Amino acid sequence: MDKTTDISNKSQLSTIYRYVTTDGEVQERFLRFDNISDDRTAPRLTKHIFDCIDEFSFGEKLVAQRMMVPRLWR
């Protein structure tokens, strides 16, 4: 997930998923953009993550989640 502001000044959250095929190849696929301008709080983003996991049935296959955080954010 990553956030960007579009030309209309709305915060858009991009959601992608990364997985490993049965051949061992790493694949990455874009799922969608979601407007998060109204609520960018941690609880709302957490709900978005869990909703995506449920919607695409990743729960049983989820191994790990990793977030890259720039040093300035720590």
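The structure holds 4 salt bridges, and the model they are read from is predicted. One of them joins Arg18 to Glu28, another joins Lys47 to Asp51, and Asp34 and Arg32 also meet in one. The protein chain that carries them has 1 helix and 3 strands, in the order β-β-β-α along the sequence.

- Side chains of opposite charge can pair when their charged atoms come close.
- In the pair of Arg18 and Glu28, the closest N and O atoms are 2.4 Å apart. This pair links distant parts of the chain, with Arg18 in strand 2 and Glu28 in strand 3 (residues 26-35), 10 residues apart.
- Arg18 has a relative accessible area of 60%, so Arg18 is classed as exposed. Glu28 has 39% relative accessibility and therefore counts as partly exposed.
- For Asp34 and Arg32, the N to O distance of the salt bridge is 2.9 Å.
- For Lys47 and Asp51, the closest N and O atoms are 2.7 Å apart. Both residues belong to helix 1 (residues 42-55), where they sit 4 residues apart, about one turn of the helix.
- Lys47 counts as partly exposed because its relative accessibility is 45%. Asp51, at 33%, also counts as partly exposed.

**Chain-level values**

- The protein chain has 74 residues, and 14% of them are buried.
- Among contacts in the protein chain with a separation of 6 or more, 26% are between residues 24 or more positions apart.

**Ile16 and the nonpolar patch**

- Which residues make the nonpolar surface patch? Ile16, Phe30 and Phe33 make it, and its area is about 300 Å².
- Ile16 is placed in strand 2 (residues 11-20). With a relative accessible area of 37%, Ile16 is partly exposed.
- Ile16 and Phe33 are 17 residues apart along the chain, and their C-alpha atoms are separated by 9.3 Å.
- Beyond neighbours within four places in sequence, Ile16 is in contact with Glu28, Arg29, Phe30 and Leu31. One of these contacts, Phe30, is also a member of the patch, and another, Glu28, is the salt-bridge partner of Arg18.

**Ser11**

- Ser11 is also a residue of strand 2.
- Is Ser11 buried or exposed? Its relative accessibility is 5%, so Ser11 counts as buried; the cut-off for that class is under 20%.
- The side chain of Ser11 makes a polar contact with the side chain of Arg40, at 3.0 Å.

**Aromatic pairs**

- A pair of aromatic rings is described by the distance of the centres and the angle of the planes.
- The count of aromatic pairs comes to 2. In the pair of Tyr17 and Tyr19, the ring centres are 5.3 Å apart and the planes are at 25°, so the pair is stacked. Stacked pairs are those with planes under 30 degrees apart.
- Tyr17 counts as partly exposed because its relative accessibility is 26%. Tyr19 falls in the partly exposed class at 29%.

**Phe58 and the segment after the helix**

- Where does Phe58 lie? Phe58 is in the segment after helix 1.
- Phe58 has a relative accessible area of 22% and is therefore partly exposed.
- Phe58 and Tyr17 are 41 residues apart in sequence, while their C-alpha atoms are 9.7 Å apart in space.
- Setting aside neighbours within four places in sequence, Phe58 is in contact with Tyr17, Leu31, Cys52 and Ile53. Leu31 is also listed among the contacts of Ile16, and Tyr17 is one of the two rings in the stacked pair with Tyr19.

Definitions and conventions
Residues numbered from 1 in each chain as written. Predicted model: local features only at pLDDT ≥ 70, side-chain atom pairs only at ≥ 80, totals over all residues. Heavy atoms only, no water. Patch = residues over 30% accessible without salt bridge, like charges linked within 9 Å, V, L, I, M, F, W, Y side chains within 5 Å. Areas by Shrake-Rupley, 256 points an atom, 1.4 Å probe, with all protein chains shown as cover. Salt bridge = Lys/Arg side-chain N within 4 Å of Asp/Glu carboxyl O. Helix = DSSP H or I, 4+ residues; strand = E, 2+ residues; numbered from the N terminus. Buried < 20%, exposed > 50% of the residue type's maximum accessible area, 1.4 Å probe, protein only. Polar contact = N/O pair within 3.5 Å; in protein donor to acceptor, adjacent residues only side chain to side chain. Phe/Tyr/Trp six-rings, centres within 6.5 Å; stacked < 30°, edge-to-face > 60°. Contact = heavy atoms within 4.5 Å.
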